[in-house]
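Please look over the model below before reading my comments.

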Amino acid sequence: MSYPSLGIGIVLAFGWWVSLTTALAESRHALVIGNSAYQTVPALPNPANDARAITEFLKSAGFEVTSVNNLTLSDMRQAISQFADTLAGKGSEAVAAVYYAGHGLQVDGENFLVPIDANIVREADVPLQALRLVDLMNSLAAIPSKSRIVMLDACRNNPFSEINKVTGRGLAIVDAPPGTIISYATSPGSEALDGDGSNSPYTTAILAAAKEQGLPIEQAFKRVRYAVNSATNKQQLPWESSSLTSDFSFFPGSSGTPQVTQASIRPTGAPAVRAASRSVDAWKRELQRRPAPEAYEIVIKEDSVEAYQAYLALFSTQPDSARVRAVFDRRRVMIAWYTAVTLDTPASYQAFLASYGDTDLAATARRLLERAKNRSLMPTLAATCPCALPVPPAPIQQKAAPPPPPEKKAAAPTKKKTAKKEKKEKPTKRTVRTADPEPAAPPPQASAPPIMPIGIGIGIMGIGGGRGIGGGGYPSGGRVPSGGVRQPTPMPTGTHRY
């Protein structure tokens, strides 16, 4: 070995040691799941390989990794529960990471991770046999942590042909909770490739792009996006939603902190300012000074609707404009779909169908429209049903007035005179029994409404708030993701790549 190469190796080893020391001080923990051996659909070659590669990558970045492959639904729930228990004992400064590779589906605007034992033949099977992504997110969000990183290589083509006609392609938009960044292998409503090599394009890009010391994670995922887009002949475009409140890099620099970049400058505790906040005109001014290939690289890395719109206005005749147009159009559909299912009202679904009634999400929108209409009938039915009338409150009974005190007896005569008088005329002892007073009549009660038969008109099927099992419900908190009456969820904040 030559001395120069030995010196480079020593420098790299020292940098790795500094990064590892910093990472260990930060307490990093990861759960890695790779589902390849599906039992009712063709197996996926790469998820198990991807999980092994990501496990080694995260270990080199100072994470304590739990790696599990080919999990059933109960196994997935148990693995997540055990990981949450481990994380709960590590303190609020811990960093949590979850990587999942395998099949994923969206139903009614909600995302599901598919275990290997799922046997899905109808849409109603999905919530029963797959894991809600929101359940995973809620498990992580319930534990105080410094940062949460979720990487999903789960947007592969839907293998369950029976439900392909009633579910949308790919995964739906998800708003990352505070302190969290979610990275998807491809953009919302699109499908990812499993890859021809030993790893998927998404995992391959992470292994290459995220190793730079001091590189903020947001910048790392921008590089991943462009690398995957190039490797797949511009067919696949990773996407992320970020609400991180602190800086993070997989391999901190020698100072132990990420590089300070314009994208990472923000007040302490504040979410990252999303690049998409720049207007179309601002993007035009930025791009018009660039050649078309460089402008394309910029808008792909930034991945915002405004940037795509500016590119199309400036470079409509360039070869890459067709691909940008396809991404731009699909992103607008998915944003409109996110808005419709978040509001979850008849008006929101009608608005979506008016603009995008010919898309793959139209059938789901029509079904949810009918469900929302039925739900809106509930107040009317409740008002006309006698059993739903409020019971009038019982009147307050006044306490009966206490009986008057007995009259005071006249003062007793002197003892001697009284004794003589008693001897002289002693009255016959009689017990006079007075009749008990009649109890006071209770105050009149307000007459209750007549009880009417309730066997008719109550068994109306299909009326109910929230999302039933047939459509992938929503839990309490925000959308009822994961029924009940849903409260509108605020629109996404933070770094959300729209």
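The points below cover the basis of the model, its cores, a helix, a strand and a cavity.

1. Basis. This is a predicted model, in which local features need pLDDT of at least 70 and side-chain atom pairs count only at pLDDT 80 or more, while totals for chains, interfaces and linings use all residues. Residues are numbered from 1 along each chain as its sequence is written, and side-chain values use heavy atoms, with hydrogens and water left out.

2. Cores. The largest nonpolar core has 96 residues. Such a core is a set of buried Ala, Val, Leu, Ile, Met, Phe, Trp, Tyr and Cys residues joined through side-chain atoms within 4.5 Å; buried means under 20% relative accessible area, exposed over 50%, and partly exposed in between, with a 1.4 Å probe and protein chains only. Those with the most contacts inside it are Leu58, Phe63, Leu113, Leu152, Tyr184, Phe250 and Trp337. A second, separate core has 20 residues, including Ala292, Val305, Leu312 and Phe315.

3. Leu58. Neighbours within four places in sequence aside, Leu58 is in contact (heavy atoms within 4.5 Å) with Ala30, Val32, Phe63, Val65 and Phe250.

4. Helix α6. Helices (H or I, at least four residues) and strands (E, at least two) are DSSP runs, numbered from the N terminus. Why is α6 (residues 201-209) largely enclosed by the rest of the structure? Seven of its nine residues are buried: Pro201, Tyr202, Thr203, Ala205, Ile206, Leu207 and Ala209. The buried residues of α6 pack against α2 (47-60), β3, β7 (147-153), β8 (180-184) and α7 (217-231).

5. Strand β8. Five of the five residues of β8 are buried. Thr180, Ile182 and Tyr184 point one way from the strand, and Ile181 and Ser183 the other way. Strands pair if DSSP finds at least two bridges between them. β7 and β8 run parallel and are joined by five bridges, with Arg148 opposite Thr180. β8 and β9 (residues 239-242) run antiparallel and are joined by four bridges; Ile182 has Ser241 in β9 as its bridge partner.

6. Cavity. On a 1 Å grid over the protein atoms alone, a cavity is a set of points where a 1.4 Å probe fits but cannot get out, and lining residues have an atom within 4 Å of a point. The largest cavity holds about 30 Å³ of space, a volume being the space filled by probe spheres set on the points. Leu31, Ile33, Ile80, Val98, Tyr100, Leu113, Leu131 and Leu136 line the largest cavity. β1 (28-34) and β3 (95-101) each supply at least two residues of this lining.

Conventions
1 Å grid on protein atoms, 1.4 Å probe; cavity = no way out; pocket = protein on both sides within 12 Å on 5 of 7 lines; lining within 4 Å.
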